[in-house]
Amino acid sequence: QVQLVESGGGLVQPGGSLRLSCAASGFTLDYYAIGWFRQAPGKEREGVSCISSSDGSTYYADSVKGRFTISRDNAKNTVYLQMNSLKPEDTAVYYCATNPVKCSWYAAGYDYWGQGTQVTVSS
């Protein structure tokens, strides 16, 4: 079966860090751009970051630029999102997704999605 599984979420204090993982099974991530999206209660799903398959280019939403880092480890078939200096407004369910063409800020272009992992930033 083709699956994407996110992990690493949890409760963290403001200013803290988390590293999210997106592990693929049943297929290889090498040929996909991988995006991270998040959705907070009452808000639309938004793109957070993306890493391309071709040259490894990375992209970040303005809200997380300088705090989050996306990376991939093809040997482990896993993509990571390192989140530092977390803020309460980062609280959301985080999803990873694959795009067979290229990085995009629009969810419609992505085919495989994980189940999501909850990130809560609170004192």
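Student: Which backbone oxygen does the side chain of Arg-67 reach?

Tutor: The side chain of Arg-67 comes to 3.0 Å from the backbone oxygen of Ser-85. This is a predicted model, in which local features need pLDDT of at least 70 and side-chain atom pairs count only at pLDDT 80 or more, while totals for chains, interfaces and linings use all residues. Residues are numbered from 1 along each chain as its sequence is written, and side-chain values use heavy atoms, with hydrogens and water left out.

Student: Is Arg-67 buried or exposed?

Tutor: Arg-67 is buried, at a relative accessible area of 11%; buried means under 20%, exposed over 50% and partly exposed in between, with a 1.4 Å probe and protein chains only.

Student: And where is Arg-67 found?

Tutor: Arg-67 belongs to the loop between β6 (58–60) and β7. Strands here are DSSP runs of E, at least two residues long, numbered from the N terminus.

Student: What does Met-83 touch?

Tutor: Not counting residues up to four places away in sequence, Met-83 touches Arg-67, Phe-68, Tyr-94 and Val-119, among others. Contact means heavy atoms within 4.5 Å.

Student: Changing topic, what is the order of the strands in the open sheet?

Tutor: The six strands are ordered β2-β10-β9-β4-β5-β6, with mixed pairing; two strands pair if DSSP finds at least two bridges between them.

Student: Which strands stand at the edges?

Tutor: β2 (10–12) and β6 do; each has a single partner strand, so one side of each has no neighbour in the sheet.

Student: How many bridges join β9 to β10?

Tutor: Three bridges join these antiparallel strands. Val-93 has Gln-118 in β10 as its bridge partner.

Note on methods
Helix = DSSP H or I, 4+ residues; strand = E, 2+ residues; numbered from the N terminus. Polar contact = N/O pair within 3.5 Å; in protein donor to acceptor, adjacent residues only side chain to side chain.
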